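Let's take a walk through this one together, with the cut-offs spelled out as we go. Have the viewer open and follow along.

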Amino acid sequence: MADRFPWFPFYAADWRLSRAVRAMTPEQRGGYIELLCVAWDDGTREPSLQSSDAYLAQMSGLGRRWRIAGAPIRACFVERDGRLCSDKLTKIWEIQRAKYELRSDAGRLGGIAKAKRDKERVLAMPAASQPSARRFAGQTQKSDRTNSSSGPTALSALTDGALASATTGRRA
């Protein structure tokens, strides 16, 4: 799932205020947004489209109407290395990628720091009170058996009784 961005932010105000979009018919707007989504795909690579009119007609959903309606849509893209790109969509993708990398690095560093703290905390404990030593020795802490305000809890009393009967062979 790394480096995968299945969604992109859509800035409604930018869309509504774009002169190019306002000049389009509703059908052209639909074709344009479809092509933006196709270009984005799952976000694993820089958004772009094949530049053939047959491909654009199919992917936009306009089909044969592409010949008449496609020119304003195609004008919203620039051709680079034989592919059509949207400058704005590319900038959005770069921002999303940079955010992902920052968050990924922060998460990795946070995990390393937490592991280091946990290791230091366990090493600082006396050997008999380390969690693994208590578990295998059958020891429990006093706080496991008592409620600080009212003495032993019902659960710890039942547990202690069951343990006593198991070790002596008698019922509690």
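Buried here means under 20% relative accessible area, exposed means over 50%, and partly exposed is in between (1.4 Å probe, protein chains only). Keep in mind that this is a predicted model, where local features need pLDDT of at least 70, side-chain atom pairs count only at pLDDT 80 or more, and totals for chains, interfaces and linings use all residues. Residues are numbered from 1 along each chain as its sequence is written, and side-chain values use heavy atoms, with hydrogens and water left out.

Start at Gln96, which sits in helix 6 (residues 87-124); helices (H or I, at least four residues) and strands (E, at least two) are DSSP runs, numbered from the N terminus. Gln96 counts as buried because its relative accessibility is 10%. Leaving aside residues up to four places away in sequence, Gln96 touches Phe5, Trp7, Pro9 and Trp40, with contact meaning heavy atoms within 4.5 Å.

Three of them make an open sheet in the order 1-3-2, with antiparallel pairing; two strands pair if DSSP finds at least two bridges between them. Strand 1 (49-50) and strand 2 (78-80) are the edges, each pairing on one side only. Strand 1 is joined to strand 3 (residues 83-85) by 2 bridges, and Gln50 stands opposite Arg83 in strand 3.

Helix 6 comes up again in the lining of the largest pocket, where it gives the most, with 4 residues. Helix 1 (12-17), helix 2 (19-22), helix 3 (26-40) and helix 6 each supply at least two residues of that lining.
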